[in-house]
Amino acid sequence: MSVYQLKSRFQNILRPLVRSLAARGVTANQVTSVAAVISVALGLFLSVAPLPHWFLLVPVWFLLRMGLNAIDGMLAREHGQKSILGAYLNEIGDVVSDAALYLPFAFIDPNDLMPVMAVIFLSALTEFAGVLGQTVGASRRYDGPLGKSDRAVLFGALGIFVAVGGTFAAWTSWLWAGAALLLVWTTINRISAGIRESQTAAR
């Protein structure tokens, strides 16, 4: 089970807005680029933010970013805006954006630096495994249990926790360890599903 499975319902809600944006000449690549730039800027800001309440921006932006990600995909698929450049921007932008938005949590407690960096690395690895499905004759894999949308929920909740004055302590080591294990599981699931899909297609 993954939050990603709710994507189709989310898209149905956004479809009228997407039609309006397409009519106004907004492109999928523009939406993708704006989402990435804002994500990186927010990540850098939160890394040096003087007050913890700024972390409330994390869940707000993750929700908006999920909307923008859905919009750029719908513009590309439903309004004839697919492009090779767009494919690169989408995948690279997502990985860079996630890394930038997760990074501020590494500076809340000095003991969390390496665990959060490990989560950032494993998050990128899951997306790499998902993209590799396309190179072996399978589709782009989005299998869970800790895909991009699920990580948005996790870090959004942590952002709220920090914003309301919560403090990281010994328990966060278990949190990062659990996230790392789920990310490894996600990577394995995506590789296994890609192999199965490729073998089925080859028959």
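Which residues in α3 meet which residues in α6? I looked this up in a predicted model, where local features need pLDDT of at least 70, side-chain atom pairs count only at pLDDT 80 or more, and totals for chains, interfaces and linings use all residues. Residues are numbered from 1 along each chain as its sequence is written, and side-chain values use heavy atoms, without hydrogens and water.

**Entry 1: α3 and α6.** I took helices as DSSP runs (H or I, at least four residues), numbered from the N terminus. With contact meaning heavy atoms within 4.5 Å, I found that Val58, Pro59, Phe62, Arg65, Met66 and Asn69 in α3 meet Lys148, Ser149, Ala152, Phe155, Gly156, Gly159 and Ile160 in α6. I noted seven nonpolar, four polar and two charged residues in this contact, with Gly counted as polar. The axes of α3 (residues 57-78) and α6 (residues 148-163) come within 7 Å and cross at roughly 160 degrees. The axes are lines fitted to C-alpha atoms over the stretch in contact, with angles from 0 to 180 degrees between N-to-C directions. The two helices are therefore roughly antiparallel (over 145 degrees).

**Entry 2: the largest nonpolar core.** I used sets of buried (under 20% relative accessible area, 1.4 Å probe, protein chains only) nonpolar residues joined through side-chain atoms within 4.5 Å. Of the 26 residues in the largest core, Phe55, Phe62, Phe105, Phe155 and Trp176 touch the most other members. I saw that α6 gives the most to this core, with five residues.

**Entry 3: Phe55.** Not counting residues up to four places away in sequence, I listed Leu46, Pro104, Phe105, Ile108, Gly159, Ile160, Val162 and Ala163 as touched by Phe55.

Notes: Parallel < 35°, antiparallel > 145°, perpendicular 65-115°, else oblique. Buried < 20%, exposed > 50% of the residue type's maximum accessible area, 1.4 Å probe, protein only.
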